[in-house]
Each structure stands twice: as C-alpha cells, then as structure tokens.
Amino acid sequence: MYKRIGGIFPKLVVAFLAVIIPLCALGIMMNRMGEESVRSEWVSSMSSRTMFYLNTLELENRHILDLLSENVYDSDLSHLSVLSDIMSEFEWAEAVKRVQAKLRTIRHSSIYVKSASAHILTLGRTINDTKGILGAIDEDYEAVKPKGQFDDSAVLSWHDRLFIRQAFPNGSPDPSFVLSVEINRSELQGTLRNMANYGQAGAALISLSGDWDVAFEESAEFASTSASEEGADADAVGGLREFLRKENPGEPSDSSGSMELNGTAMQTSCRYSGSLGAYLCLYVPQKQMFGQIAAYRSWFWVLSGASILIILLYSYGIYRMIHRPLRKMIHSFRRVEDGRLEPVVPPKGKDEFRYLYLHFNRMVDYLKTLIHDNYEQKLRAKQAQIKQLQSQINPHFLYNTYFILYRLSEFGDLESIGRFSRYLGEYFEFITRHKEDTIPMELEVRHTMTYLEIQNMRFFNRFAIEVAELHEDCRSVYVPKLVLQPIVENAFKYALEPRMAGGRLRVSFERTDDRILIEVEDNGERLTDEELESLDRKLKQSWEEEESTGMINVHRRLRLLCGEDSGVSVSRGKWGGLKVTLSIRVEDK
C-alpha cells in the first residue's frame, strides 16, 4: 500500500496548482502593469491639459499687457493728462471719446477683460469703457495704485477682484495716469470648469504671493448655497497651497503627485507661470482614476480562491476514479518487470482503463517482437538520417560556387574561369568518388583547401588565411566526410565577407590519444555575446527532427557517426571573432 503523501491526489493538486499559480502571478503582474500604465497615461494627460490651459491664459495675459503697453503712449491720454487746461471743450470732449473707444476695444479684445479704465491722476478723473468719464478718480484705483517699481505684469487683487495695470511713466510711485483692466473672474472659472471636466475633478489658479486665487470644483456645482461652494473652494485651495509648499520649498517650479483633500486622495498636476505669478493646478480623485482597477483586483482574488477550491475538489474526484484501476495496472507492470509476461483481466466497464488494459495485454503478447522490430527500425532511421544530413551540404555548396562562376564571367576573366572550373571539377570529383560516410583526414583537408582557393579567387586574396600543416599521424585517420569545409564556409559567410579588408582565418589541428581536435578561428566583428550564447544553446540541444545546414549539420553528423562525446563547440577567439572546435573521436575504420 502506498503512502498517501506520495499518491496521486497530492500530485494532482500540485500539478493543478503549478498551472494556476503562474497564471495568478501573471494576472497580478498584468493588473499592476495596467494600473501603472493607466496612472502614467492619466498623469501625462493631466500635465498636457494643464500646460495647454496655462499657455492659453499666458497668451491672453500677454495680449492684454500688449494692448495696455500700446495705449499707454496714446497721444489723447498724454494731452488729457498734461494739456487739458489749454484744450478747448470740443478737443477735450473728442479726446475723451477717443480714449473711451480705445478702452472699449481693449475690453472686447478678450473674454477675460470685464472692464477697462484710464485713471488720469493729473486730471483727477477716471475714464471707463462703459461709464465714460467720471467726476473723480474711481475707487478701483486703489487696486492698481503703484506700490513699487516694475511690477506691471503681476495680477493684482483687491476686494476679491483681479486687475492688470500699466502706469505712465512706468515704475513711478506718482504716475501721470494708469491704464487698468479688471479680469472677468467668472470667465476664469469657466475656463477652469472646462479644464476640470473629469467628473469629480477640480482646478485652481493660485497666486504665488497667496493674496488671490480662483478655484473651481465639480462637486461644488451641486451645492445648495454659494457659501458652501466657497467653503469647498477654500478647502481645495488650502490643500493645494500645502501641497505646493511641500513640493516647492525653494524656487517655484512645476509639480505633480498625490495629496489628501477632505479625506480623499487626489492626483495633482501643477504648473507655474512667471508672467501670471501663479500656479495653475488640476486635481482628480485617485478613486475615479483607478477605481475599476481596484475592483478588478478584488474580483481577481475571489476568482483565485474559487479556482483553488475547485482544483481541490476536482483533484479528489479524479483521484477516486483512477486510483484503484491504476494501482492494479501498476501491479501488472511490476510483474512484467519481474519477467512474468502475464495478461491482466480488464475491468467490466467500457471506460479508458479497459482500453488501456487491452493494449497492455497486446503489449505483453508481442513484447519481444516489438523490441526486436523497434531496434532494427532505429538503426535504419539513424542511417537514413545520416544520409539526409550529409546530402544537405552538397546543394548548399553547389549554388554558392555557381554564383562565384557567374560573377567571374561578368568580369570576363577567362584565366580565372579556367582555374575556377578546375577547382570546381576537383570538388565534384571528391563528391562522386567518395560516397562513404568516412574518409581519410588528408582528403577532407585537401577538399577544404580547394574550397579556400575558390574563395581566394572570389575575394582577390584580400583575406589572410593560415592553415596549419596536417600531422603525419592524422593523415590516414578516418573522419566523417564534409565536416571541415562547412565550418570554413561559415566563417567566410558571417565573418570575412562583411569585412572590406583585414580579414583573418586560421585552421589548426591537434591529435590526442583518442581524438582529433580541429580549430577554425576568424576575426569577425559582428559576433555579439547574445549570438554566441544562442549558437551554443542550439549545439547543446537534444536531437530535433528538422532540416539543418552548416555548423548544426556537422555537429549532428559527428555525434551520429563518432559518438555522443564528439561534436562542435564554440567560443570567442583571441582575435575577438568566433572560434569553432571540432572534436572527433578516433576509431579504426
């Protein structure tokens, strides 16, 4: 009786778990990759969106400043501020009308301009685009009154209103007149609304100095009173200011990350504008961004737990169904192992075990015959495979040599064509006269030298080729046919041919007690470590029933004809190229 721990049931459970656990791990990894991809896309989208709207606001700000700068040197304003005492009533009225028309042009030039005014301090009066000329300086002047030098580009805040001004002369604490525009706060909020159209998202424009801000939060749209909206906006602005203080303790710069707002985790993207002196921030609840992914993760764990439970139940059911007949079959196999070729009584049912039992009985009846037939078939298959592998080399060399002959004929070199034809004849003589699987080493080397002569003619002797002398005790040793020439051809194809000059090839021989070692080394420049490792893995793979040529062909024939300890190995040579070593176990013919 088998111990339960080594039985079928735990093996089934382990087998199923071995399948399901990698799938679960892959699912977790894919979920995390998806989350990171979604997060990256969201962050990139928020950053791009913030940059787009910030560029829009900066362009509008620059446009308004340019208009103010153009009109600050207006002749009518200069006359009104300096020469109003000597101007006639008609000239004075016409100048006022023209200034008011220009202020209307400024107001209509941008949706962000609510009103435009010219505060003429020397005259003590204000001209407004809609109200005309006032009897005194408008109280709005307190918002744009110069307090320092060269601060005209900043957005100014006064009584929760925003202004941009341009004074003349610029930088003077006591100017002649000041041009100002009031920013349309509702239009700014509309822009922020369009920017934060993510459902529960929000956006805010926050000054660096902290004295003004414009905010919009989608959830505040459904508040019952304006006070609640202001409270929601204040919470958002306060949270954003705290976030910016942490992210930018020094110089202002762009920031992105997560922050906590009213107990909700927010993904935030802020960009700083020097011309506005403010940050434009967009924030989106992370739950809104990744909520579905979190739900998928929870369902995935539920599915994983259910899968493990199903595996346990299914494995136990299979164990109950197959354990008894399988144990009986194992006992029958043990009897066969002991030499008792006795048939077993098949079960009464018509399931797969009955089919297995019947075939087991057939196996027992014909075991000796099958072993004998199988042995002979393997021998025939091995011999046929050897012939098939060897036949793959001849066409490979043939179409290469004819291509060389074609190139020589294009050059019209009749002498070289004659020499080449002689070498080609020697090659075919070698193929037709030597049909054995093994030949003397001297003939194999001579055939390789013929191939090298052909390649020298093809490349006009531009490569340095060194072939060591074959030792006397190696000349008559029988080796598999066509093992050296394909390796040399491989060196030409992948190492020497790509080089315009400086190619080197070395062939050396070494004889030990029971084998011949042949080294073919080149100085190719294109061999990478990955290619070398891939080639080494292919040489070490088990036998595969597929067509092969070149180095793999030689390796398989050496193992078939000379034994499993023969074959081809590769490494990086001292010249930096590929070094191929042929190890051939020597036996008497």
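**Figure 1. Residues 12-30 and 299-319 carry the UniProt annotation "transmembrane region", from an unreviewed entry.** UniProt positions follow the numbering used here, feature names are shortened, and annotations may be inferred rather than shown by experiment. Over residues 12-30 the chain is 100% helix and 0% strand, with the end C-alpha atoms 27 Å apart. Helices (H or I, at least four residues) and strands (E, at least two) are DSSP runs numbered from the N terminus. The model is predicted: local features need pLDDT of at least 70 and side-chain atom pairs count only at pLDDT 80 or more, while totals for chains, interfaces and linings use all residues. Residues are numbered from 1 along each chain as its sequence is written, and side-chain values use heavy atoms, with hydrogens and water left out.

**Figure 2. The largest nonpolar core holds 49 residues.** A nonpolar core is a set of buried Ala, Val, Leu, Ile, Met, Phe, Trp, Tyr and Cys residues joined through side-chain atoms within 4.5 Å; buried means under 20% relative accessible area, exposed over 50%, and partly exposed in between, with a 1.4 Å probe and protein chains only. Leu80, Leu103, Ile127, Ile164, Val181 and Leu280 have the most contacts inside this core. Helix H1 (residues 8-71) gives the most to this core, with 9 residues. Apart from this core lies another, of 37 residues, which includes Met441, Val488, Ile516 and Val570. Residues up to four places away in sequence aside, Leu80 touches Met87, Trp92, Ala95, Val96, Val99, Ile120, Leu123 and Ile127; contact means heavy atoms within 4.5 Å.

**Figure 3. Leu179 lies in strand E6.** With a relative accessibility of 2%, Leu179 counts as buried. Its C-alpha atom is separated by 9.0 Å from that of Leu103, 76 residues apart along the chain. Neighbours within four places in sequence aside, Leu179 is in contact with Leu68, Asn71, Val72, Leu77, Leu103, Ser117, Ala118, Ile164, Arg165 and Gln166.

Figure 4. Most residues other than glycine have a negative phi, and most peptide bonds are trans. Asp160, in the loop between E4 and E5, has a positive phi of about 60°. His159 is exposed at 62% relative accessibility, and Asp160 is exposed at 56%. A cis peptide bond, with omega about -5°, joins Phe168 and Pro169.

**Figure 5. An open antiparallel sheet of 5 strands has the order E8-E7-E11-E10-E9.** Two strands pair if DSSP finds at least two bridges between them. Strand E8 (213-217) and E9 are at the edges with a single partner strand each, so one side of each has no neighbour in the sheet. Neighbouring strands are turned by 25° against each other on average, direction ignored. Helix H5 (residues 185-195) packs on this sheet and touches strand E7 (202-207), E8 and strand E11 (278-285). The direction of H5 makes about 45° with that of E8; axes are lines fitted to C-alpha atoms, for helices over the stretch in contact, and angles run from 0 to 180 degrees between N-to-C directions.

**Figure 6. Strands E9 and E10 form a hairpin with 2 residues between the strands.** E9 and strand E10 (residues 264-273) pair in the antiparallel sense over 7 bridges. Leu261 has Thr264 in E10 as its bridge partner, and Asn262 takes a positive phi near 55°.

**Figure 7. Helix H12 lies across E13, strand E15 (504-511) and strand E16 (515-522).** H12 runs at about 170° to E13. The helix (residues 441-458) has 18 residues and reaches 26 Å from its first C-alpha to its last, close to the 26 Å expected at 1.5 Å a residue; the expected span is 1.5 Å times one less than the number of residues. Buried residues of H12 include Met441, Val445, Leu452 and Ile454. Just after H12, Phe460 takes a positive phi of about 55°.

**Figure 8. An open sheet of 5 strands with mixed pairing has the order E13-E15-E16-E18-E17.** Strand E13 (464-467) and strand E17 (567-572) stand at the edges, each with a single partner strand, so one side of each is left without a neighbour in the sheet. The twist averages 15° from one strand to the next. E17 and strand E18 (residues 578-585) pair in the antiparallel sense over 6 bridges, and Val570 stands opposite Val580 in E18.
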